[in-house]
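Student: Could you take me through this protein chain with a few questions and careful answers?

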Amino acid sequence: LAQVIAAGFLPVKFDAMSHRKFERPRHGSLGFLPRKRTKHHHGKIKSFPKDDPSKKPHFTAFMSYKAGMTHIVREVDRPGSKLNKKEIVEPVSILESPPMMVVGFVGYVETPRGLRALTSVWAGHLSEECKRRFYKTWHTSKQKAFTKYQKRWEEESKEGSPMNAEVERAKKYCQVIRAICHTQVGKVIGQKKAHIKEIQVNGGSTADKVDFVMGLFEQQVKIEDVFTQDEMIDVIGTTKGKGFNGVVTRWGVTRLMRKTHRGLRKVACIGSWHPARVSFQVPRSGQRGYHHRTEINKKIYRIGKNLKEDPVNAKTENDLTEKPITPMGGFSHYGEVNEDWVMLKGTVMGPRKRVITMRKSLLPQVTRKALEKVTLKFIDTSSKFGHGRFQTSEEKAKFYGTAVKKAKGEKKEEAEA
C-alpha cells in the first residue's frame, strides 16, 4: 500500500475532522473589548491622513448628521465582471451636511511621546450655538465665555493683526495644525448646542496652514470644499444603543439544551476552579450597542446642494422628474433635508439625527471599485413609511385625481344650504 501511495495512485486525506476538540472558534470578537458605552459620543478621529507638503492646505474631515436611507439604480462600469454594463439597485445613506464654521486652531509640536499642544488661537466672535457647548445649562449661566478674549481681540485688531504673538509662535514651532470647527446644528435638528471638533489641516508648510485657517475664521466650510464625488472615505460615529443583553445576543454563544436547569441562554462553564477568577475572554452579559466605531472605505455617490441652490437635487440624466432628495412624507424620525447632503453607499452606524464624522481615507485607494466612476440613473424618493408607490406628490395626485376632495366639498355646501 505504501508503494501505491508513493507512486501517487491513491489520494491521502489527513484533514478529516473526527471531533470538535480539533477546532472550535470562539464566539464573538475580542477586538472590540471593552463592550461598554462610549465616552466619545460624537466620534473621535483617532488618526488623520499623512501630511503631504506638496499639496495645497485642505481639511481632512467633516461633520454631518444621519438623515436616513434610500436606494438608487446605476449601471456598473467594471470591465470583465459579469455585472458590467448591467443595472443594479444599491442601498445608500443620506447624511445632511450644513456648512461648518471655523472658529480657531490648535498648534501641536511633535515630541518623542507624541503630539503636544503648544498654542491655540480663537476667532474674535463665536456664535451662540458654539458658546452653548461650553456650558451645562446655558439659560442659568452668566454666559460670559470668551467675552474677555473678544475684548482683547478687538483691542489688538486696532493696533494691527490680532493675536500676532500666538500666530507667529505657531508658525515657528508647530508641526501639526488642527482647525477648531463647529456644526450649524440649528439648521438641521432641533438642538441648540453645536458639535465642536478639531480637524487637521494637511498640505503646504506650517505657515501656509496657519494662514489658510486664519483666512477662514468665522467663515463657512462646505462639504464640497472637503470631499468630491466617487471618493472613498471613512465614517466615524457611535452605534445604536441596545441596552443590557445576555450572552446569546451579545456574544452569539450557543443555547444550551432544552431541559437545562435554571435557563438555557447561558454559558455553561465560566471557567475552572483555579485561577479563582473569571477571565476576560469568557462571554458575559452586559451593554450592547452605543459603541464607538470607525468604518473604512465608504464611496461617495453624490454630493447634493441645499434646496435654495438646487431645489431638484435628486434629478438624474435618466430620471428627469423634478424632485428633491427628501422622500414623500420626509425621512422617518428625521424630517426634511434642506441643507447640503452626501450620499454614501451602504449603511452608516447610529440612529437618525446622530452626528457622523467623515474623514479622508488614510491609504491611497487603488482598487477597481474605489476608482469606478458612478453615474446614478435613478434615486428613490417614495415614502419610507409602508410600501411607497409614488415618487412625488404630483405623481400621486395624477394617479388618484382630485375628484374625491371636490365631492366632499360639494356635500358640505349642500349640508350648509
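What follows is a short exchange on the overall form of the chain and on some of its residues.

Tutor: Before we start, note that this is a predicted model, in which local features need pLDDT of at least 70, side-chain atom pairs count only at pLDDT 80 or more, and totals for chains, interfaces and linings use all residues. Residues are numbered from 1 along each chain as its sequence is written, and side-chain values use heavy atoms, with hydrogens and water left out.

Student: How many helices and strands does the protein chain have?

Tutor: Helices (H or I, at least four residues) and strands (E, at least two) are taken as DSSP runs, numbered from the N terminus. Counted in this way, the secondary structure of the protein chain comes to nine helices and 15 strands.

Student: Why does the protein chain count as more spread out than a compact globule?

Tutor: The radius of gyration is taken over C-alpha atoms, and the globule rule is 2.2 Å times the number of residues to the power 0.38. For 417 residues that rule gives 22 Å, and the protein chain is more spread out than a compact globule because its radius of gyration is well over this, at 29 Å.

Student: Is K46 buried or exposed?

Tutor: K46 lies in the loop between α1 (2-7) and β1 (58-59). Buried means under 20% relative accessible area, exposed over 50%, and partly exposed in between, with a 1.4 Å probe and protein chains only. Since the relative accessibility of K46 is 63%, K46 counts as exposed.

Student: What is the phi of F146, and how does F146 count in accessibility?

Tutor: F146 is in the loop between α2 and α3, and at 21% relative accessibility F146 counts as partly exposed. Although F146 is not a glycine, its phi is positive, at about 70 degrees.
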